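Biologist: I have this model open and would like to go through it with you. Could we begin with the overall fold and then turn to individual residues?

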Amino acid sequence: MTIRKAISSDVSLLYTLEQELFTIDNYPLSRGSFIYHVRNNLIYVAEIEGKVVGYLLVLIKRTKAKLYSIGVKEIYRGRKISQKLLEVTSKELISLGFKQLLLEVRTDNKVAIALYKKAGFKVVKELRAFYKDGCDAYLMELEYK
Ligand SMILES: CC(C)(COP(=O)(O)OP(=O)(O)OC[C@H]1O[C@@H](n2cnc3c(N)ncnc32)[C@H](O)[C@@H]1OP(=O)(O)O)[C@@H](O)C(=O)NCCC(=O)NCCS
């Protein structure tokens, strides 16, 4: 498996993967959003035999970094691909001088919460009815020391 930064020619594949990962109610990113994020934020992709099988997007705003999205194709799940994506991203963020990585996650997304906890994220706040369907969110933080 290779983890590398996304480039503009990955946008079509990222967009296709996004449709597979997130339904309309989960606001999948548009093609235009991916073009924007490849240029202005941090996207890492995981590749197996030349195929993009997962990605992670971190939004960078001045001194704050926020994990916006992470996903792996269903048949490749459970192989620590997300864990690796998070490790590589954290290394990069630390080298850029970031002190923490934040995220919001649906409280009903148990798999994602388990992934984040394993990576060292802690719940710092519960955000009531954060999502349009009324679902609460956890604000989680990974501190870099
Ligand atoms: C959440 C998701 C990204 C995890 O990706 P993954 O590559 O399969 O995860 P990993 O193999 O790296 O797992 C790392 C850790 O996460 C947790 N985890 C992953 N899958 C899990 C599952 N099905 N049940 C419980 N814990 C799980 C475990 O702690 C695991 O460590 P372990 O294998 O030592 O127990 C993947 O399930 C996915 O794409 N889901 C749909 C999109 C989504 O909900 N994204 C998050 C919100 S943006």
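Modeller: Helices (H or I, at least four residues) and strands (E, at least two) are DSSP runs, numbered from the N terminus. On that basis the elements of the protein follow the order β-α-α-β-β-β-α-β-α-β-β from the N terminus on. This is a predicted model, in which local features need pLDDT of at least 70 and side-chain atom pairs count only at pLDDT 80 or more, while totals for chains, interfaces and linings use all residues. Residues are numbered from 1 along each chain as its sequence is written, and side-chain values use heavy atoms, with hydrogens and water left out.

Biologist: How many helices and strands does the protein come to?

Modeller: There are 4 helices and 7 strands.

Biologist: And what is the radius of gyration?

Modeller: The protein has 15 Å, which agrees with the value near 15 Å that a compact globule of 145 residues would have. The radius is taken over C-alpha atoms, and the globule rule is 2.2 Å times the number of residues to the power 0.38. Along the principal axes, the C-alpha atoms fill a box of roughly 40 × 35 × 30 Å.

Biologist: What share of the residues is buried?

Modeller: Buried residues account for 43% of the 145. Buried means under 20% relative accessible area, exposed over 50%, and partly exposed in between (1.4 Å probe, protein chains only).

Biologist: What share of the contacts comes from residues 24 or more positions apart?

Modeller: Such residues supply 58% of the contacts with a separation of 6 or more; contact means heavy atoms within 4.5 Å.

Biologist: Take Leu101. What is it in contact with?

Modeller: Leaving aside neighbours within four places in sequence, the contacts of Leu101 include Val58, Leu67, Leu93, Phe121 and Met140.

Biologist: Where does the charged end of Arg106 sit?

Modeller: It sits over the ring of Tyr131, 5.4 Å from the ring centre. The criterion is NZ of Lys or CZ of Arg within 6 Å of the ring centre and within 35 degrees of the ring normal.

Biologist: On to the backbone. What is the phi of Arg62?

Modeller: Arg62 has a positive phi of about 50 degrees although it is not a glycine. Arg62 is in the loop between β3 and β4, and at 82% relative accessibility it counts as exposed. Lys80, also not a glycine, has a positive phi of about 65 degrees. Lys80 is placed in the loop between β4 and α3 and counts as exposed at 52% relative accessibility.

Biologist: Glu92: buried or exposed?

Modeller: Glu92 is buried, with a relative accessible area of 19%. Glu92 is in helix α3 and touches Lys5, Leu42 and Tyr44, not counting residues up to four places away in sequence.

Biologist: And Thr107, where is that?

Modeller: Thr107 is in the loop between β5 and α4. Its relative accessibility of 14% makes Thr107 buried. Beyond four places in sequence, the residues that Thr107 touches include Ile113, Cys135 and Tyr138.
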